[in-house]
Amino acid sequence: MNLNTRSLLSLLLFVSLAMPLHAAIKPYSKVGSSPIQAGIKPYTAGLIMRGKYDGTKCETPRGNMAAGYCQVYWKDIEPVKGEFNWSVIDKAVTAAKSYNAAQGLTDKDGYKVMIRIRTGVYAPDWVKNDPNVGKISWHFKNSSPKQTFQLPLFWNTPYQNHYENLMLAAASRYDDELSIGGVAASMCMTVHTEIMWNRTGRKEVRAANMSTMRALGDKSYTNEKDYACLQRQIQIHANSWQKTPTLFGSHLYQVYNYSNGSKSSDYNKTKQLFNECRSTNKLGKRCVLGNNSLRHDEVNNDGSVNQLLFEIAQAGDPVYFQTNVFKSDRRKRFGVDELKGAMDNAANWGAIAVEIPMSWDCSDYFNKSGCSSATAKQRQGEFHSYQNRLKDNVARISSVKETK
């Protein structure tokens, strides 16, 4: 897409977005909102509620958390091509504004709404049925019906063009809104939004998925197309979001064996991509790199993505971590005490934010019961020092303004 076409599309999207999708869906009011900052928005620092990913939902302010995610499905946001329903995110923005006003905080300094649009298998049918895009039957954990999805061919240009239009629309609506603290990059995904992971599903079905992904003629999956997808994802976000930081949740880049779906990690290619994201002619300081599975018993000197993120933090750029989910099994237990250890790791390694597990505000966090404002207040006290340390790490970042 050339510059003139992109400019025209942005103008058309801006005009169209001024009208709601349905009469009952009204955009939030910007009356009384804080003046828009000229440069990049302040980084969202502290503890972030990762949100529920089984549908289109947003976290609401509670427990003195710094922010909460709107986990939304693309198919719910854009059920018809070019027709957007932002009502769920708009309501979250309204709730954040009300909360900040009640706390005596500005939208610049108060609770933030984070946006994570889940694409991949959650893309609209009009995307999947676009003959230029194409789709395949794809398994995640196993070949059962519940684990079998229709996956659009995200590694090819036509799908990526649709994602670019989605980001242009979202940025036209939210890039100037101070209560929106960040947007996750999610173009090159299957089920999870972590880039560079789960391309071929879990190990039990990798060979079958890879066989399907490779039997598509000129649309076939290749490692080269996959890497190019990640590079274009950076460019799309750089073009779309001028003020709002973009978060890239990642593992080390996975190179796949076409014959059996096996994979190997490539530290150097990951570093190359991370450096591209941070370059001043791409996202620069708007690039917030992270990892979405931190445990309490991990280290940052073993050639893992943790080591790479630690190096980036020490270089003065923003990084974040999402912790492991709560687990009660003995060998892989992850409870509140383990969560504190993971937050301690993140703070020590220079992270500015940690996404905490769902049910963090429940007395029985394994079974997601006993969830109350009283428990949220209790956790707030338990997590207070970690939140402050994460916020203090923002001072390590050399500048929040890009050098052009």
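# Disulfides and nonpolar cores

Author: In this predicted model, cysteine 362 and cysteine 371 form a disulfide, with their sulfur atoms 1.9 Å apart.

Reader: What makes the pair of cysteine 362 and cysteine 371 a disulfide?

Author: A disulfide is a pair of cysteine sulfur atoms within 2.5 Å, and the sulfur atoms of cysteine 362 and cysteine 371 are 1.9 Å apart, so the pair meets that cut-off.

Reader: Is the disulfide of cysteine 362 and cysteine 371 right-handed or left-handed, and how do you know?

Author: The torsion about the S-S bond of cysteine 362 and cysteine 371 is about 90°, and the disulfide is therefore right-handed.

Reader: Why is cysteine 371 called partly exposed, and what is cysteine 362 called?

Author: Buried means under 20% relative accessible area and exposed means over 50%, with partly exposed in between; cysteine 371, at 43% relative accessibility, therefore counts as partly exposed, whereas cysteine 362, at 2%, counts as buried.

Reader: How do you know whether cysteine 58 and cysteine 70 form a disulfide, and which hand does it have?

Author: The sulfur atoms of cysteine 58 and cysteine 70 are 2.0 Å apart, which is within the cut-off of 2.5 Å, and the torsion about their S-S bond is about 110°, so this disulfide is right-handed. The pair links distant parts of the chain, with cysteine 58 in strand 2 (residues 57-58) and cysteine 70 in strand 3 (residues 67-73), 12 residues apart.

Reader: Why is cysteine 58 called partly exposed?

Author: Cysteine 58 has 21% relative accessibility and therefore counts as partly exposed, since buried means under 20%; cysteine 70, at 1%, counts as buried.

Reader: What makes the link of cysteine 188 and cysteine 229 left-handed?

Author: The torsion about the S-S bond of cysteine 188 and cysteine 229 is -105°, and their link is left-handed.

Reader: How many disulfides does the whole structure hold, and what pattern do they follow?

Author: A search of the whole structure finds 4 disulfides, and with bonded cysteines counted along the chain their pattern is 1-2, 3-4, 5-6, 7-8.

Reader: Which residues touch the most other members of the largest nonpolar core?

Author: The largest nonpolar core has 95 residues, of which Trp86, Ile89, Leu166 and Phe248 touch the most other members. Helix 5 (residues 157-174) gives the most to this core, with 8 residues.

Note on methods: Residues are numbered from 1 along each chain as its sequence is written. This is a predicted model: local features need pLDDT of at least 70, side-chain atom pairs count only at pLDDT 80 or more; totals for chains, interfaces and linings use all residues. Side-chain values use heavy atoms; hydrogens and water are left out. Helices (H or I, at least four residues) and strands (E, at least two) are DSSP runs, numbered from the N terminus. Buried means under 20% relative accessible area, exposed over 50%, partly exposed in between (1.4 Å probe, protein chains only). A nonpolar core is a set of buried Ala, Val, Leu, Ile, Met, Phe, Trp, Tyr and Cys residues joined through side-chain atoms within 4.5 Å.
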